[in-house]
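Hi everyone, thanks for coming. Let's look at a chain together and read it step by step.

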Amino acid sequence: MGISRDSRHKRRSTGGRKANLKKKRQYELGRPPANTKLGATRVHTVRCRGGNLKYRAMKLDTGNFSWGSEVSTKKSRILDVVYNASNNELVRTKTLVKNSIIQIDATPFRTWYEAHYGVKVGAKRLKKLAEGAEDVEKKSKHAERKHAARAKGRVLDPALDDAFSSGRLLACISSRPGQSGRCDGYILEGAELDFYSKMLKKKKGAK
């Protein structure tokens with residue numbers, strides 16, 4: 001028995017039974033879920049109706065993530081799946097699906113931010129700087145003026161600053177890995193970051 005998406009086998013909204021007068025058709029077919037896991041990239045191509053292709057990701061470990069408030073996108077490593085509103089089993093099995101909350105490597109974003117604004121981020125790193133553990137790099141006058149101009153409207157969320165010091169950022173998957181073969185998304189910030197941080201603390205407390 002294949003997976004079929006027809007509705008002939010179902011009852012009417014009034015409860016009456018329908019006579020099923022034809023067999024299954026290929027245009028009604030369904031396919032098993034991809035259940036994309038966290039691991040070394042493996043993507044299968046699926047030939048679809050009209051000769052189109054779908055890219056079924058079996059395993060993925062990287063993706064492009066957007067930092068909305070800074071309008072910056074970087075490729076980053078996926079470290080862990082931490083929350084899924086629909087099913088805790090998807091967290092336990094580290095399944096990557098759309099809208100999953102994941103942890104990604106903060107290094108690409110931290111490197112970009114520090115180069116762009118000429119400031120160090122992460123509370124722990126700032127503490128090291130104060131103690132003189134890290135050398136302050138020399139800048140030209142032009143670079144100083146450029147960074148000063150950029151820093152005028154600069155605001156970094158304290159919650160994100162803490163995340164940078166831990167080396168892990170919370171992100172949400174916005175692509176569909178089982179359809180596009182990619183795991184792209186955006187970094188959580190503001191009210192959304194507060195909400196999911198609370199949910200994760202609540203989950204830890206329940207354990």
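**A walk through the chain**

Let me start with contacts: of those with a separation of 6 or more, 55% are between residues 24 or more positions apart. Do keep in mind that what you see on the screen is a predicted model.

Now for the overall layout. The secondary structure consists of seven helices and eight strands. Why do we call the chain more spread out than a compact globule? Because its radius of gyration is 23 Å, well over the 17 Å that the globule rule gives for 207 residues. If you draw a box along the principal axes, the C-alpha atoms fill roughly 80 × 45 × 30 Å.

Alanine 149 and glutamine 26 are 123 residues apart in sequence, and their C-alpha atoms are 61 Å apart in space. Alanine 149 sits in helix α4, which covers residues 141-150. Is alanine 149 buried, partly exposed or exposed? With a relative accessible area of 48%, alanine 149 is partly exposed.

Next, the surface. The chain exposes about 13600 Å², and carbon and sulfur atoms supply 51% of that. On the inside, 33% of the 207 residues count as buried.

Please turn to helix α2, residues 107-117. Which of its residues are buried? They are Phe109, Arg110, Trp112, Tyr113, Glu114 and Tyr117, so you can see from the names that charged residues, Arg110 and Glu114, are in the list too. Just after α2 comes glycine 118, which takes a positive phi of about 70°.

Last stop: the cysteines. How many disulfides does the chain have? The count is zero. Take cysteine 172: the closest cysteine sulfur belongs to cysteine 183 and is 9.8 Å away, which is too far for a bond, because a disulfide needs the two sulfur atoms within 2.5 Å. Cysteine 183, in turn, is in no disulfide, with the sulfur of cysteine 172 as its nearest cysteine sulfur. Are these two buried or exposed? Cysteine 172 is buried, with a relative accessible area of 1%, and cysteine 183 is buried as well, also with 1%.

That's my tour, so please go ahead with your questions.

Notes:
Residues numbered from 1 in each chain as written. Predicted model: local features only at pLDDT ≥ 70, side-chain atom pairs only at ≥ 80, totals over all residues. Heavy atoms only, no water. Helix = DSSP H or I, 4+ residues; strand = E, 2+ residues; numbered from the N terminus. Rg over C-alpha atoms; globule rule 2.2 N^0.38 Å. Buried < 20%, exposed > 50% of the residue type's maximum accessible area, 1.4 Å probe, protein only. Contact = heavy atoms within 4.5 Å. Areas by Shrake-Rupley, 256 points an atom, 1.4 Å probe, with all protein chains shown as cover.
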